[in-house]
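Trainee: I would like to go through this one with you, question by question. Can we put the model up and start with its rings?

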Amino acid sequence: MKFSNYVPILAGFLCVSTAWAAPGDAIVTVELAVPGNGVSVANNCQGEIYYTHNDAVLYKTDANGADLGSVSILDAAGSPVTIDEMAWDESRQILWGQEFDSNPVDVYTVNATTGLAAFAFTATQTVSIGTFRDGIAYDGSDDSLWLTGDVSTTVEHYSTAGAFINQITPTNAAGEELGLISGATVGNGDLLYLGRNGAVQIVQVQKSNGAFISEFSSPAGTRDEGLECDAYSFAPTLALWSREFNSPGDITAIEIEAGTCECGGGATVSCTLGFWKNHPEDWQNLDPDVIPPWGSGLTYMEIFNTPPMKGNASVMLAHAYIAATLNTGADPGDLAAAAAMLTSYPVGSNALKAGKNANPDRAVALALMEDLQGFNESTECSL
């Protein structure tokens, strides 16, 4: 349910300043370059901030409000998928998102570079009023997700495989049901940040039982629809992004206490692309600074940092292949097939890009990539 009596408190763009004073103060409000209604905000750990409207498009900006472009959100069959609130998973380098108007909530993963959306699971215990889906947070401490419905009284906890773990009913300072919950993001330790629709308030509660910890008045307006931690854009100051729903829309960075949360859900899951990208010191059987024969002049680490523009399947396969090679236990046949494919179609060849007349081998490369990625994110994987 979206209310019509909202009056903006902060609008437009405020220049970034280091003059903010205390937790709960606004650092900056950024007017969205592409206007529209929405509840989503997410950010990777390198300064890119993502948002959506009700149009199956992933928009990108930064903390200065620069328009970084957009990509259509499509499933493998090419059908559009409309995603509401999202959360960045630093370990997998993907977004977790809730599908618009799904009830119970359908959860997808979204590749932030290509827009490819993959159905993950139906959150059978998370139901919602209205059509927009407001709260999702990735928790790297145990590789799980926290979900809320729109204007909810509960927060549900799921594994990333979709298994229901438990449900909490957050309370206020008086021990009463908190209610009006929309936005959510994970903090460190036993901490959740929750935004409350229409209450001009952000609340800290315990993940374990929903018990009240503290609260502050939100400088982002009356409706904190989507929340996400940002430890990068204003470092060393820690920020919490909050999304305003009503068009033209804006996002506000709010200062929060040092050490209370981390970008991308905090602790990383080993074996994944994100782990190896961020831990070159742990590479054992590859040298990150060596150029592979199929690297088109790029080192292994430079390939990891190369986005697969226009759906370049060679780059996507290379990412999965490098991680699987660094891990232990990948299928030798998959590794050999991937190496052969990369030899035929090096990273810089652009021969396996998406398009109407795409090379048939692109589908083979993507299937290999999916197999290797499945291993990299499985319990069978080890460093």
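Mentor: Rings of Phe, Tyr and Trp (its six-membered ring) pair if their centres lie within 6.5 Å; planes under 30 degrees apart count as stacked, over 60 as edge-to-face and the rest as tilted. This is a predicted model: local features need pLDDT of at least 70, side-chain atom pairs count only at pLDDT 80 or more, and totals for chains, interfaces and linings use all residues. Residues are numbered from 1 along each chain as its sequence is written, and side-chain values use heavy atoms, with hydrogens and water left out.

Trainee: How many aromatic pairs does a search of the whole structure find?
Mentor: A pair of aromatic rings is described by the distance of the centres and the angle of the planes. Searching the whole structure gives a count of 11.

Trainee: Is the pair of Tyr158 and Phe164 stacked or edge-to-face?
Mentor: The ring centres of Tyr158 and Phe164 are 5.6 Å apart. Their planes make 65°, and the cut-off for this class is over 60. The pair is edge-to-face.

Trainee: Is Phe164 buried or partly exposed?
Mentor: Buried means under 20% relative accessible area, exposed over 50%, partly exposed in between (1.4 Å probe, protein chains only). Tyr158 has 0%, so Tyr158 is buried. Phe164 has 38%, so Phe164 is partly exposed.

Trainee: Which disulfide is left-handed?
Mentor: A disulfide is a pair of cysteine sulfur atoms within 2.5 Å, and the count comes to two. Cys229 and Cys261 have an S-S torsion of about 85°, so that disulfide is right-handed. For the other, the torsion is about -105°, so the left-handed one is Cys45 and Cys263.

Trainee: How many residues apart are Cys45 and Cys263?
Mentor: Strands (E, at least two residues) and helices (H or I, at least four) are DSSP runs, numbered from the N terminus. Cys45 is in the loop between β2 (42-43) and β3 (49-52). Cys263 is in the loop between β20 (250-256) and α1 (273-278), and the separation is 218 residues.

Trainee: Which side chain joins that of Ser242 in a polar contact?
Mentor: Ser242 is in strand β19 (residues 238-243). Its relative accessible area is 1%, so Ser242 is buried. A polar contact is a pair of N or O atoms within 3.5 Å; within protein, one must be able to donate a hydrogen and the other to accept it, and residues adjacent in sequence count only if both atoms are side-chain atoms. At 2.6 Å, the partner of Ser242 is Asp224.
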